[in-house]
Amino acid sequence: METAATPHTRTSGSAAVERIISSSRRPKTLGAGKPGAISLAMGEPDSGTPAAIIEAATTALASGRTRYAPMAGSPELQHALAGHTSAKYGRPTMSEEIVLTHGGSGGLAASMLALVNPGDRILIPEPTYSLYADHAAMIGAEAIWVPNLADGSLDLDTLQRQASGARMIILCNPGNPTGRVYPDADLHRLEELLLDNPGLLLLADEAYADITFDGVGFTSALTLAAVRDQVICCSTFSKTYAMTGWRLGHVVAPAELASRINTIHRTINGPLSTFIQDAALTALQIPDADLQAAALSYQRRRDIVVNVLSGLPGVDMLTPQGAFYAFPRISSSLTSDELTARFAEGGVLVRSGSEFGPSGEGHIRISFATDVDSLAEGLARFAATVKELA
């Protein structure tokens with residue numbers, strides 16, 4: 001029998017864990033396909049990190065750059081990113097507005113933890129990257145899903161109705177999983193919405209900003225000068241520079257907000273790897289022509305996906321305009337999870353559309369970041385499975 005002297009043993013843990021588990025759409029595992037299955041499930045560039053970046057890292061290691069970095073990150077890299085941001089987007093940016101983070105995910109988490117309170121409402125246009133809702137659950141905020149319109153554009157009327165009293169809008173642009181690049185007009189209507197709601201923040205995840213197709217123009221949230229103090233932009237070295245395993249990202253935010261974000265990030269993560277930050281300085285020097293060539297290679301693979309899927313009965317898809325994902329809807333009585341399992345049985349791994357929000361049900365996500373031969377074979381298996389379902 002428990003007495004006054006017997007400490008109470010708490011068997012459960014943080015309520016944050018339970019909130020995440022109960023609401024998360026993210027899979028605990030991608031499942032197992034049959035031996036020899038081809039993965040079109042992962043959003044990871046196949047090209048490998050450019051040799052110049054790897055050489056910069058190894059040189060830094062050899063020179064002893066293995067000790068703790070400053071808690072706020074490398075001043076040299078902050079300065080370089082401030083200059084890069086200023087030149088790229090015409091937004092005069094100071095080093096104090098740059099927060100170096102443990103990958104893009106670390107930047108997203110730190111930004112939300114620093115700026116959102118339990119009970120706050122967060123508006124999430126969807127389908128979209130599933131981690132945002134998990135971060136909201138971790139905080140104890142309320143995620144409000146706002147389905148995009150049938151053409152893939154933002155439902156700005158609903159966002160406007162929901163904006164009053166909301167704390168944050170989270171926008172993935174270019175979009176994961178859809179490949180949608182939101183037009184300039186959508187961004188400027190968001191700007192008007194923010195002006196009308198000065199307590200509302202826009203958290204823009206622009207991880208795929210350098211991967212767009214067919215000359216489609218990309219408007220960064222950083223160009224919304226009238227609401228500069230309400231915009232936080234998260235980015236990463238993972239996609240543009242094929243540095244997924246290096247785990248380095250950054251946040252651009254007004255200095256006051258950046259300081260708060262940095263406080264959270266350094267408290268959770270401590271200092272980032274010194275030699276990786278050194279290598280990132282070299283990444284920023286890669287010529288634009290090389291980045292454009294990489295985007296063109298994804299566009300060619302996008303075209304392969306569109307050509308295969310457009311000929312399949314019962315498959316509908318908006319043509320991806322950026323990133324390296326396609327998000328087809330499959331006419332079937334099966335759920336997205338069941339469809340994903342059937343494709344795995346057919347020898348190709350994809351992601352369930354329901355992971356990316358309620359309107360993703362009935363869809364699956366295909367990544368075309370893999371090599372062309374694997375992509376072609378994976379799509380052949382995908383097509384065969386679709387025909388079996390029909």
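**Helix H6**

I began with helix H6, residues 156-163, in this predicted model. Which residues of H6 are buried? I found Leu156, Thr158, Leu159 and Ala163. They sit on the same side of H6, because they cover an arc of only 155° around the axis. Next I looked up what covers these buried residues. The cover includes strand E3 (121-126), strand E4 (142-147) and helix H7 (184-196). I then read past the end of the helix. Gly165 follows H6, and its phi is positive, near 85°.

I moved to strand E2, residues 98-101. Ile98 and Leu100 point one way, and Val99 and Thr101 point the other way. Are these residues buried or exposed? All are buried. E2 pairs with E8 in the antiparallel sense, over four bridges.

**The largest cavity**

I found three cavities of 30 Å³ or more in the whole structure. The largest cavity has a volume of about 220 Å³. How many residues line the largest cavity? I get 19, and His84, Lys88, Asp210, Ser235 and His250 lie nearest its centre. I asked which elements supply the lining. Helix H3 (75-89), strand E7 (231-236) and strand E8 (249-252) each give at least two residues. H3 gives the largest share, five residues. By class, the lining holds ten nonpolar, six polar and three charged residues.

I turned to open space next. The largest pocket has a volume of about 570 Å³. Its lining has 27 residues. Which of them lie nearest the centre? I noted Gly43, Ser105, Tyr129, Tyr208 and Lys239. Helix H4 (103-115) and E7 each supply at least two residues of this lining. I count eleven nonpolar, eight polar and eight charged residues there.

The second largest pocket holds about 380 Å³ of space. It is lined by 20 residues. Ala150, Gly152, Thr178, Leu318 and His363 lie nearest its centre. By class I have eight nonpolar, eight polar and four charged residues in that lining.

**A three-stranded sheet**

Three strands form an open sheet in the order E10-E14-E13, with antiparallel pairing. Which strands are at the edges? They are strand E10 (325-326) and strand E13 (351-352), and each pairs on one side only. E13 pairs with strand E14, residues 364-367, over two bridges. Arg351 has Arg365 of E14 as its bridge partner.

**The loop between E3 and H5**

I went back to E3 to see what follows. Pro127 lies in the loop between E3 and H5. I checked the peptide bond from Glu126 to Pro127: it is cis, with omega near 10°. Ser130 is found in the loop between E3 and helix H5 (131-139) as well. Why does Ser130 count as buried? Its relative accessibility is 3%, and the cut-off for buried is under 20%. Leaving out residues up to four places away in sequence, Ser130 touches Arg26, Glu355 and Phe356.

The peptide bond from Asn173 to Pro174 is cis, with omega near -10°. Pro174 is in the loop between strand E5 (168-172) and H7.

Ala242 has a positive phi of about 50°. I placed Ala242 in the loop between E7 and E8. Ala242 is buried, at 10% relative accessible area. Ala323 has a positive phi as well, near 60°. Ala323 lies in the loop between strand E9 (315-316) and E10. Ala323 counts as buried, at 0% relative accessibility.

**Thr59**

My last entry is on Thr59, which lies in helix H2, residues 51-62. Thr59 counts as partly exposed, at 48% relative accessibility. I checked Thr59 against Asp278, 219 residues apart along the chain. Their C-alpha atoms are separated by 9.4 Å.

Notes
Residues numbered from 1 in each chain as written. Predicted model: local features only at pLDDT ≥ 70, side-chain atom pairs only at ≥ 80, totals over all residues. Heavy atoms only, no water. 1 Å grid on protein atoms, 1.4 Å probe; cavity = no way out; pocket = protein on both sides within 12 Å on 5 of 7 lines; lining within 4 Å. Points joined across faces, edges and corners; volume = space filled by probe spheres on them. Nonpolar A, V, L, I, M, F, W, Y, C, P; charged D, E, K, R; others polar. Buried < 20%, exposed > 50% of the residue type's maximum accessible area, 1.4 Å probe, protein only. Arc of directions from axis to C-beta. Contact = heavy atoms within 4.5 Å. Pairing = 2+ DSSP bridges.
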